[in-house]
Amino acid sequence: MHGRIKIKSTAQQEEEKRKEREKKLKIYVSARDTCFSKVTRVLLIQVVSNHQVLFSFLCGLCVSYLHSMFLLDTHCQRKEGILDEEALQVTQQLLSSNPDFATLWNYRREILMHLETVKEKDEVQKIYEAELAFLESCLKLNPKSYGSWHHRCWVSARLPRPDWSRELSLCDRCLSLDDRNFHCWDYRRMVVKVSGVPVAQELGFTDRLIGSNFSNYSSWHYRSTLLPLLHPESPESPSPSHEPPQPSPSHSPQTQSHRVCEEQLLKEYELVQNAFFTDPNDQSAWFYYRWLLGRAEREEMISCVYVSRDEERVAVAFSRPVNAQSVSLLLVLDGQPQKVEWKSVHPRFKHSPVCICDLPPGTISDITNEHNLTVHWTEKYTHRDCALYTGRTESWCRDSATDQELFRSELSVEKTSVLQSELQSCNQLLELEPLNKWCLLTIVLLMRALDPLGYEKETLAHFQTLKEVDPMRSAYYSDLCSKFIIENTVLKMEYAEVRVFSITDKNLTTLCHLDQLLLVTHINLSSNQLQQLPPQFAMLQCLEVLEVDNNRIENLEGVYHLPKLEEVLLKNNKISALADLQPLASCPKLRRLDLRGNPVTQAANIESELTALLPSVTDLLL
Amino acid sequence: MAAEELPSEFDVVILGTGLPESVVAAACSRVGQRVLHLDRRSYYAANWASFTFNGLLSWIQQYQEEPQPKEVQDWSSLLDEGEELVYLSNPDSASISNLQVFCFTSEEDEEEAQSSDLPNPTEEKAVNEDTDVKPSADSNEEATTEKQETVGGAEEEQVTPTEGEEQDTDKPHLSTAQSQLEPTRKRITYAHLVKEGRRFNIDLVSKLMYSRGSLVDLLIKSNVSRYAEFKNVTRILTYRNGNVEQVPCSRADVFASRQLSVVEKRKLMRFLTSCMEETEEHQAYSGRPYLEFLCDQKLGDNLQHFLLHSIAMVTEDTPIEEGLAATRHFLRSLGRYGNTPFLFPLYGLGEIPQCFCRMCAVFGGIYCLRHSVDCLVVDKDTNRCKAVIDNRGQRISCSHFVVEDSYVGKKAAAPRRLLSRAVLITDGSVLPSDSDQQVSMVTIPPVAARYPVVKMVELCPSTMTCIPGTYLVHLTCQSAGSAYEDLAPVVTRCFHTPDSPDQENRPSVLWCVYFNMVDGSGVELEGHGLPSNVYVCSGLDSTLGHEYAIRQAELIFQKILPEEDFCPPAPNPEDIIYDGENPSTPAGEEDEDGAGEEGKREQSQTQE
């Protein structure tokens, strides 16, 4: 059309771009050649000039070839000790087009270190300042280049008179462009640490970042590390955990140091509530909230010592799993230290909250004797006594599980009133967003922390909703729900002071807290969804009767060396091979076994094989 | 330029350099049309212009002068057979009316203001300076008269920079109050404003650019954006219950808001999310007011106010469809460039038409200021405009003619709607915050019954529209009365003026001007008894965005060149081939023969 501006065609533009690239490449290559020996130069140009952009287009082979040639060459030069400013300039040229060339950064560092030794301090300062400015241009090119950030760290550390505020503002600028640039977060942490930025100022920084976009794990997390420093929980405030029966020197400051004083905590609740009311589907705020609600670390202690005269066995339960082989336990029997071998209840797991040991035969077998046992956990300076009186076949000493903190350790907020008001506001949110999974889950946790038995019905209903609104995680919710049901049942059992544990028809999918069942003699888990009795099941050292009818059990691994087990009722499960019954053979007192409704009963010769496997069983139902 | 003859043949002649005209000019020039773009004024952008403080003072002065009766020259000698002349109307002075200027700051030098307690010298000085600004004979008289109500119309416009009575009573009071309040703060004097006047860029229209509005889209699409810089409006405010409050509209705002309860936050977020999509619930309210729908959502007064006035920016009787559409437009624009939906061009809105003019010129458009068109040459048979005759009597033939509506204004008999405008220079923000560089959009619902909804934009110095220590405030509304009647009640509520001496905690108004502009949003593109290839660009419209002007420009362009793309991306300057220039030969192919080059070039031309 007449008068129209003529524009270069795509082909022409391509051609020009190609030329531009070629020009750049020439510069790049010539810069590199300054480092290269003359022999390799000819060869390399031939290779390179056939390609358009060196590091983006060359095939892997060429890159590695060039690289190796180059490395060789730089190496030579480095060896020759050419550590002058010209080399600095040349590497700068190369790095500014490819900041991820680690070898060049190394070379540069060598040059700089060399210059440090020959130049005046002021000059060194100038050189390093120029280096920082150069790095800034590299970061503009690629804000996530490992090489550039690492080099900046190095330079900042060597700078004679570092300007940390400048570095901080650089980080701020970077983070405002991409608040998830973890290189920058890393670097910033270094700067803050070295320059000693006041914690309060850093908290203000997180305020700012969260204010501009609260979907930012880094900022919330950073906050969680700053708050305990700035507003530590005052030492005289009531401890969230129950005071131990005997004063223990292990009440170390670490268990408290990550907590925040209540006044600040209330402010944080308000902040995070604003976030999750604004956007309840953003999980970063919920995670922070979860942190605020806290997780009490239970005191490390021996929670139970059990001694059985018949088996001449001692079982010790701890507040956290220990390694049976390496735990420093000392058993004192009637004032005499005993040399015993502590072991886990099951070879499959070494870390176990329950350890057992067998006393030398005849030590306590005489029923007319009274014995006093003390178990010392020497590294934790704690111990527990247990007396086995005359005429008794067993004895134990323990803290009752009804102690409040046992299952509430999930949330450790200081005051019930705080939890109550948090529950209220979450319920308020639930009213507006009845299907929000984060809200539902938090409510469940709060309810459990407040009154696990009182809220049982509501908790179960919420779990039902959770499974419906978040079907992808329904198995997780089922497991969590199972856990809570077990906890509640343990509590009920403790209140009733019985040694019978029964959860039937509750859709249990998993077993946990089995260490709490050390003393249970009769367990009924019929009509649930259990698939296995895990190795932890072996902690039920007193178990006599096991009822698990109508489950989906395929695996009996945990029914292992249970010294008192007499009856196993396994009706309608999924035991399919004789080998699966193998663990039962380790239970010496097993008399009765009900296997009706299991695939294994269909096998030929099952009866005779079972008799061979389990000679002690007299009452076998197939 | 003035002495030279213009080329006598163009494809498109455009008269007026307002935003729609400039966009049409750029679009036509971009696709190869020969464009002549004229404006009778001495500055670009017509009523879309931005002025320095001194520039604005002369603009005021010009409108306050008696317009010269213009003698109509007879150009019929230039006609050929079968042609007739259609005269354009006498260029408007009617598009601006009811100009009133007030100066509330000390008009003397700082030192004097501090030393002198007597009001009398102050006033004398003020009057003297006033005469500098306004050399017409009657100025002294006016300055001492009571406040005069002006009744519109160019002839009766007047400047009343210093109301005599107010001077007497308020000035001393004002200065003592100030010195008591902030003894250390330097008061910015009128002399200072004039001295630093060049650093002001005062817009005649006050609009903002929606981040996903058609203007932003066009600037990006056409690469015109490279000629300007922009700043985000940083916050949305509203005037409510006698206070200026921040409106939480983005996610971050809602999160940070202190005036909303957490439940309100949830409700607001939920409403904003839900209204992005058309639901059955919305349809059920079809035809009923948006307010009714909001009421039924049980959002509470707070949220209802924000949603109706600040986010949708509609009135209480706006139907739901319009309300929802406005809300969606707002929300879609949110977060593209920042926490509010709006952008503002650095150096003022007057930059935008100039950017398009620049684009037009880059592609060969020819520009003449202080140059107008007197009449059209119309072919009697086809009723098409064949040429125009400029005010120097040159006949310039053209295929299309685009004209600003003020040149055909008097032919439109219908009474025109007006906009009321006020421009204030203040000494502080209406809502002080941590940062003193906030750009605020303030929505002000009717202050009383029968008053209009007012939109206020407060610009900080970093927008390059005012000097440090001051804020530039634009108020706009659809006129109910004169600009002063409409807007003064808002000004006295939000600011500290001699009329509102009790509001000492509010920012003080240093200087302000009120005027009315014609709201051209009702003007048709064609018709007006004009030939079919003459297109009329209406002036301003009352909305906040630029949608109306851009749509209009696109419509006109499509009528002129129905087959062509509207403002396709401009090529990079290095990709343009100029006449007589050899397409640069690739350095690597110097050995290639010239024939190959030639062939390539031909090929590229035929492609177009």
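**Exercises on a predicted model**

**Exercise 1.** Decide whether B:Phe293, at 1% relative accessibility, counts as buried or exposed. Decide likewise for B:Tyr285, at 11% relative accessibility.

*Solution.* The structure is a predicted model.
1. A residue is buried under 20% relative accessible area and exposed over 50%.
2. The value for B:Phe293 is 1%, so B:Phe293 counts as buried.
3. The value for B:Tyr285 is 11%, so B:Tyr285 counts as buried too.

**Exercise 2.** State how many aromatic pairs a search of the whole structure finds, and classify the pair formed by A:Phe276 and A:Tyr289.

*Solution.*
1. The search gives 36 aromatic pairs over all chains.
2. For A:Phe276 and A:Tyr289, the ring centres are 5.0 Å apart and the planes stand at 70 degrees.
3. Planes over 60 degrees apart count as edge-to-face; the pair of A:Phe276 and A:Tyr289 is therefore edge-to-face.
4. A:Phe276 belongs to helix H14 (residues 262-278) of chain A and A:Tyr289 to helix H15 (residues 283-293) of chain A, so their pair ties together parts that are 13 residues apart in sequence.
5. A:Phe276 and A:Tyr289 are both buried.
6. In chain B, the rings of B:Tyr285 and B:Phe293 have centres 5.1 Å apart and planes at 75 degrees, so this pair is edge-to-face.
7. Ring pairs also join A:Phe276 and A:Tyr289 with A:Tyr269, A:Phe277 and A:Trp286 in a cluster.

**Exercise 3.** Identify which ring lies under the charged end of A:Arg188, and which ring has B:Arg251 over its face.

*Solution.*
1. The charged end of A:Arg188 sits over the ring of A:Phe205, 3.4 Å from the ring centre.
2. B:Arg251 lies over the face of A:Phe214, at 4.1 Å from the ring centre.

**Exercise 4.** Describe the surroundings of strand E2 (residues 35-39) of chain B and its pairing with strand E1 (residues 12-15) of chain B.

*Solution.*
1. In E2(B), 5 of the 5 residues are buried, so the strand is largely enclosed by the rest of the structure.
2. Side chains in a regular strand alternate between the two faces of the sheet.
3. Accordingly, B:Val35, B:His37 and B:Asp39 point one way, while B:Leu36 and B:Leu38 point the other way.
4. E1(B) and E2(B) pair in the parallel sense over 4 bridges, with B:Ile14 opposite B:His37.
5. From E1(B) the chain crosses through helix H1 (residues 19-30) of chain B to E2(B), in a right-handed β-α-β crossover.
6. E2(B) also pairs with strand E12 (residues 366-369) of chain B, in the parallel sense over 4 bridges; here B:Asp39 stands opposite B:Leu369.

Key: Residues are numbered from 1 along each chain as its sequence is written. Chains are lettered from A and ligands numbered from 1 in the order in which they are written. This is a predicted model: local features need pLDDT of at least 70, side-chain atom pairs count only at pLDDT 80 or more; totals for chains, interfaces and linings use all residues. Side-chain values use heavy atoms; hydrogens and water are left out. Rings of Phe, Tyr and Trp (its six-membered ring) pair if their centres lie within 6.5 Å; planes under 30 degrees apart count as stacked, over 60 as edge-to-face and the rest as tilted. Helices (H or I, at least four residues) and strands (E, at least two) are DSSP runs, numbered from the N terminus. Buried means under 20% relative accessible area, exposed over 50%, partly exposed in between (1.4 Å probe, protein chains only). A charge sits over a ring if NZ of Lys or CZ of Arg is within 6 Å of the ring centre and within 35 degrees of the ring normal. Two strands pair if DSSP finds at least two bridges between them. A crossover is right-handed if, with the strands pointing away from the viewer, the path from the first strand over the helix to the second runs clockwise.
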